[in-house]
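Biologist: I would like to understand how the words used for a structure follow from its values. Could we go through them one by one?

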Amino acid sequence: MNKADKEIEVLTNATVLAGTLLTADESKREAMLPKLKALETEVKATQLEVHKNLKRLVIMTVNSAIRYCSSGKPSDAKLTRRHGNEVAKELGRLKRLAHRKEENRWP
């Protein structure tokens with residue numbers, strides 16, 4: 001697995017965990033919060049320039065999920081969902097871009 005694949009995995013896992021946190025009950029939220037904070041640190045450590053916009057969106061998603069866990073405000077849950085949807089769009093765009101590059105390679 002190369003560096004780009006590892007970064008995408010970290011970014012995806014952080015987004016999925018943030019989304020899962022929204023639907024979890026209180027005891028599971030408390031158990032998931034340290035994992036999410038650890039993933040936040042890993043997300044901030046990503047360095048590839050191609051993931052710059054995705055990284056920003058994931059950080060916003062994770063931060064709003066952490067705020068939701070501590071405050072319980074519905075507005076933070078709404079922000080988490082909105083940012084998570086933007087992350088999904090960006091992941092799809094990067095996947096299509098990678099697929100196009102594969103198709104255009106010389107035999």
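Modeller: We can begin with contact, which means that heavy atoms lie within 4.5 Å of each other. Please keep in mind that this is a predicted model.

Biologist: Why might residues a few places apart point the same way?

Modeller: An α-helix has 3.6 residues a turn, so residues three or four places apart point the same way.

Biologist: Why is histidine 51 called buried?

Modeller: A residue is buried when its relative accessible area is under 20%, and histidine 51 has 4%, so histidine 51 counts as buried. Histidine 51 sits in the loop between helix H2 (26-44) and helix H3 (52-71), and, with residues up to four places away in sequence left out, histidine 51 touches Ala4, Glu7, Ile8, Leu11 and Leu94.

Biologist: What makes lysine 44 partly exposed?

Modeller: Exposed would require over 50% and buried would require under 20%; lysine 44 has 48% relative accessibility, which lies in between, and therefore lysine 44 is partly exposed. Lysine 44 belongs to helix H2, and beyond its neighbours within four places in sequence, lysine 44 is in contact with Lys55 and Ile59.

Biologist: Which elements make up the protein as a whole, and in what order do they run from the N terminus?

Modeller: There are 4 helices and 0 strands, and from the N terminus on the order is α-α-α-α. The C-alpha atoms fill a box of roughly 55 × 25 × 20 Å along the principal axes, and buried residues make up 36% of the 107 residues.

Biologist: How many positive and negative side chains does the protein have?

Modeller: The protein has 22 positive and 14 negative side chains, and the centres of these two sets lie 4 Å apart. As for its surface, the protein exposes about 7000 Å², of which carbon and sulfur atoms supply 56%.

Methods:
Residues are numbered from 1 along each chain as its sequence is written. This is a predicted model: local features need pLDDT of at least 70, side-chain atom pairs count only at pLDDT 80 or more; totals for chains, interfaces and linings use all residues. Side-chain values use heavy atoms; hydrogens and water are left out. Helices (H or I, at least four residues) and strands (E, at least two) are DSSP runs, numbered from the N terminus. Buried means under 20% relative accessible area, exposed over 50%, partly exposed in between (1.4 Å probe, protein chains only). Accessible areas come from the Shrake-Rupley method with a 1.4 Å probe; for residues, only the protein chains shown count as cover. Lys and Arg count as positive and Asp and Glu as negative; His and the chain ends are not counted. The place of a charge is taken as NZ of Lys, CZ of Arg, CG of Asp or CD of Glu.
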